[in-house]
Amino acid sequence: MSWTTIESDPGVFTSLVQSFGVTGVEFEEVFSLDFLPASSFGLIFLFKYSRAGNSGSEADAVVDDPDVWFAKQTVQNACATQAILGVLLNTDGSAGKFELGEKLTDFKSFTSALPSDMKGESIGASEDIRVAHNSFTRPDPFVSDEKRAATDDDDVFHFIAYVPVNGKVYELDGLKAGPVFLGGAESNWQDVAKSRIQARITRYAESEIKFNVLSVVPDKVLKLQEELKVEGADVASLQVQLEDEQDKRKKWDEENVRRKHNYVPFVIELVKALSGNGQADEMLKRGAEKRKEKAGLS
Amino acid sequence: MNGLNLQQMMAMMQQGQGDSSDAASSLHELCSFKAGRCQASPLGDGSLKITPMKGKGLLKLTRTTSSHSEGEGMIHLSWEDRKTKETPDKFIIFPSEAKFEKIETPNEEDTPVCMLSYNGNSDRRNFYWVQELEFDKENINEINTLMNDPAKAKKKADPEGAETSESAPASATASPTSGANPTAGTSDTSMDVVSNNDIISSVNLPADTSAVVDPPANPTTTTPAANASGAVDVQNLQSILSGLGLPAASSSPSPTASLSTPAAPSKSGGITLSDLQSAMSRAQEGESKLSDYVTFSEVERQGILDDSTVVDKLTSLLPEGQRTKDSLITTLRSPQVLSALTSLTSALNGPEFSSVLANFDLEMGEEEQRLVAEGKGVEAFIRACEKKARESK
């Protein structure tokens with residue numbers, strides 16, 4: 001029962017949560033902490049670090065808040081899904097309407113009484129969640145799933161979730177013993193999360209770590225469709241925005257279809273097409289020249 | 001990492017240090033003009049959408065003097081924010097490495113947009129929009145000349161010849177800066193030369209329409225944040241260097257380089273151009289990759305997409321719903337195809353070579369065996385495909 005890595009892309013994650021049965025939610029990439037999307041169910045802060053150096057967990061006090069669903073990380077490759085669940089199963093939903101769906105509602109109630117390490121194990125053991133997660137892995141006919149899951153990658157991704165729960169802002173880091181309380185969410189919970197994220201970015205700035213932030217936001221297509229129904233709405237403008245969002249979804253869907261497709265037969269046919277009409281010699285020659293050039297020996 | 005050449009790697013290493021040595025006396029300004037930066041985002045079909053960013057800036061070409069830590073003669077192109085004086089864009093330009101050109105915009109009267117591109121690496125481009133009222137071909141030519149002709153640059157920097165003709169050796173210690181991804185916000189400055197609206201509408205690349213630019217040859221795989229300017233960040237550079245068996249920041253002295261290019265011989269510690277060159281030739285003797293041969297430009301060169309039999313066969317192997325010629329073209333540039341080429345390459349360079357051939361109904365003849373014995377699995381595979389294609393005609 002292995003888990004393989006998936007791409008950290010908003011289109012992938014949106015489709016992933018939909019496959020869990022969640023509705024009303026999408027993922028948006030955050031390019032600047034100064035421009036966080038206003039309505040958000042939670043933030044996912046992800047960073048890539050080399051196993052050699054480590055993420056340097058600081059000694060933060062963890063709390064034991066019964067309202068917070070927190071899982072300790074047990075499966076490295078499942079960490080994206082784990083952080084996403086951290087947001088979906090905890091968010092106070094003040095950002096908008098969304099439906100957790102049957103699968104996750106059951107999962108949440110089934111695991112709510114378990115200690116945090118068992119919660120983590122439950123993610124690992126959940127066939128539904130694992131199958132949905134693994135379906136986004138690039139098909140590679142030459143490497144078995146087991147082998148790929150076991151491969152010791154030099155670069156490791158770590159995901160941390162930030163989420164408002166009943167007026168309190170928490171940081172959920174599966175490598176810690178529990179949730180970390182960051183502050184009250186009286187005004188804007190995202191400001192609280194943002195300072196924490198910025199502090200981490202500053203700390204990691206010394207160690208060549210790459211990071212990214214995704215926001216879990218209300219589904220934009222649904223939101224625009226609702227707005228269009230309102231009396232006196234600016235139909236023309238909303239319509240254009242709606243079309244843009246639908247185009248974006250279409251593009252995401254196409255990309256996801258490509259991600260799940262095995263292109264090896266295609267590529268073999270392509271090589272045959274390029275070698276077959278007497279062009280193999282020329283192609284080999286050009287490729288060799290290109291390699292020399294790339295090696296900087298021109 | 002596509003198309004990175006040695007000089008760019010040296011440039012990258014040196015970009016990370018030497019910021020503190022930009023004292024006024026260590027640089028001669030060659031030319032400058034007011035410009036703003038642009039954001040370039042790839043659209044799905046391989047073209048780029050260029051969006052001008054607000055902010056008054058200055059694009060400057062400078063040449064180092066002998067009192068600079070890099071030694072005399074290094075050309076830098078940098079973009080400076082006129083309000084904050086920060087320099088987010090700063091590149092070392094070696095001769096014949098880069099060019100500066102005006103890109104085509106829909107209307108003649110549009111604010112000019114220029115592109116800095118690198119000859120070896122089509123993924124690396126930076127776009128700037130002109131904030132001067134008078135700007136024409138002469139300005140562009142001047143920049144190109146100064147970037148590519150060291151003699152003219154020297155003349156412009158130092159018309160009286162006050163600099164000594166020998167360049168002082170400088171240290172090339174590589175101390176890469178932290179490669180923090182700029183998720184922290186950049187502050188926008190307001191314009192007063194031309195109003196924002198004027199700019200956005202007059203460029204006629206209005207924030208949401210595209211100026212189509214030649215697509216990059218090899219798209220980057222999407223992983224966390226794709227770097228829109230296509231620049232290689234220092235973290236990636238470190239992994240390249242360690243992959244070549246070079247320390248990222250050498251502590252032992254290296255032999256001095258004796259090359260005619262403006263490389264800096266190292267004094268104590270640091271990697272020289274010649275170190276990199278020999279490491280590169282070692283790397284070159286390694287195994288080849290399918291993606292070196294199977295490129296979009298090769299597809300174009302051979303014109304196979306004009307052959308309907310080929311198009312039909314290839315599209316039939318695409319996922320359902322994407323079996324069109326347009327989709328085929330997008331797919332050929334997709335990260336998924338690059339990924340498949342990489343997987344296949346690993347399999348061909350490994351012990352499973354013969355089972356790969358068997359699996360795809362290809363034959364292992366004498367020539368293929370010989371090539372495999374020489375460690376050329378990829379070439380053997382191409383020959384096997386060639387034979388198969390000939391047979392089925």
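This is a predicted model: local features need pLDDT of at least 70, side-chain atom pairs count only at pLDDT 80 or more; totals for chains, interfaces and linings use all residues.
**View 1. Chain A, seen as a whole, is built from helices and strands.** Chain A has 298 residues, and 53% of them count as buried. Its accessible surface comes to about 13400 Å², with 49% of that belonging to carbon and sulfur atoms. Take the contacts in chain A between residues at least 6 apart in sequence: 75% of these join residues at least 24 apart.

**View 2. Chain B has its own set of helices and strands.** Here you can look for 14 helices and eight strands. Of the 393 residues in chain B, 49% are buried. About 18400 Å² of accessible surface belongs to chain B, and carbon and sulfur atoms make up 49% of it. Among the contacts in chain B with a separation of 6 or more, 63% are between residues 24 or more positions apart.

**View 3. The second largest cavity is lined by 13 residues.** Rolling a probe the size of a water molecule over the atoms shows where empty space is left. In this model the count comes to five cavities of 30 Å³ or more, and the view settles on the second largest cavity, with a volume of about 110 Å³. Which residues lie nearest its centre? They are Ala71(A), Gln82(A), Ala83(A), Leu172(A) and Gly174(A). Helix 2 (79-88), strand 3 (155-165) and strand 4 (168-173) of chain A each supply at least two residues of the lining. Helix 2 of chain A gives the most, with four residues. Sorted by class, the lining of this cavity has eight nonpolar, four polar and one charged residues.

**View 4. Asn166(A) sits in a loop of chain A.** The loop to find here runs between strand 3 and strand 4 of chain A. Most residues other than glycine have a negative phi, and most peptide bonds are trans. Asn166(A), however, has a positive phi, near 50°.

**View 5. Lys85(B) is a residue with a positive phi in chain B.** Its phi is about 65°, although Lys85(B) is not a glycine. Where is Lys85(B) found? Look in the loop between strand 4 (75-81) and strand 5 (89-93) of chain B. Lys85(B) counts as exposed because its relative accessibility is 54%, over the 50% cut-off.

**View 6. His76(B) is a buried residue in strand 4 of chain B.** The relative accessible area of His76(B) is 3%, so this residue falls under the 20% limit for buried.

View 7. A disulfide is a covalent bond between the sulfur atoms of two cysteines. Over all chains, a search of the whole structure finds zero disulfides.

Note on methods: Residues are numbered from 1 along each chain as its sequence is written. Chains are lettered from A and ligands numbered from 1 in the order in which they are written. Side-chain values use heavy atoms; hydrogens and water are left out. A disulfide is a pair of cysteine sulfur atoms within 2.5 Å. Buried means under 20% relative accessible area, exposed over 50%, partly exposed in between (1.4 Å probe, protein chains only). Contact means heavy atoms within 4.5 Å. Accessible areas come from the Shrake-Rupley method with a 1.4 Å probe; for residues, only the protein chains shown count as cover. On a 1 Å grid over the protein atoms alone, a cavity is a set of points where a 1.4 Å probe fits but cannot get out, and a pocket is an open set with protein on both sides within 12 Å along at least five of seven lines; lining residues have an atom within 4 Å of a point. Grid points are joined across faces, edges and corners, and a volume is the space filled by probe spheres set on the points. Ala, Val, Leu, Ile, Met, Phe, Trp, Tyr, Cys and Pro count as nonpolar, Asp, Glu, Lys and Arg as charged, and the others, Gly among them, as polar.
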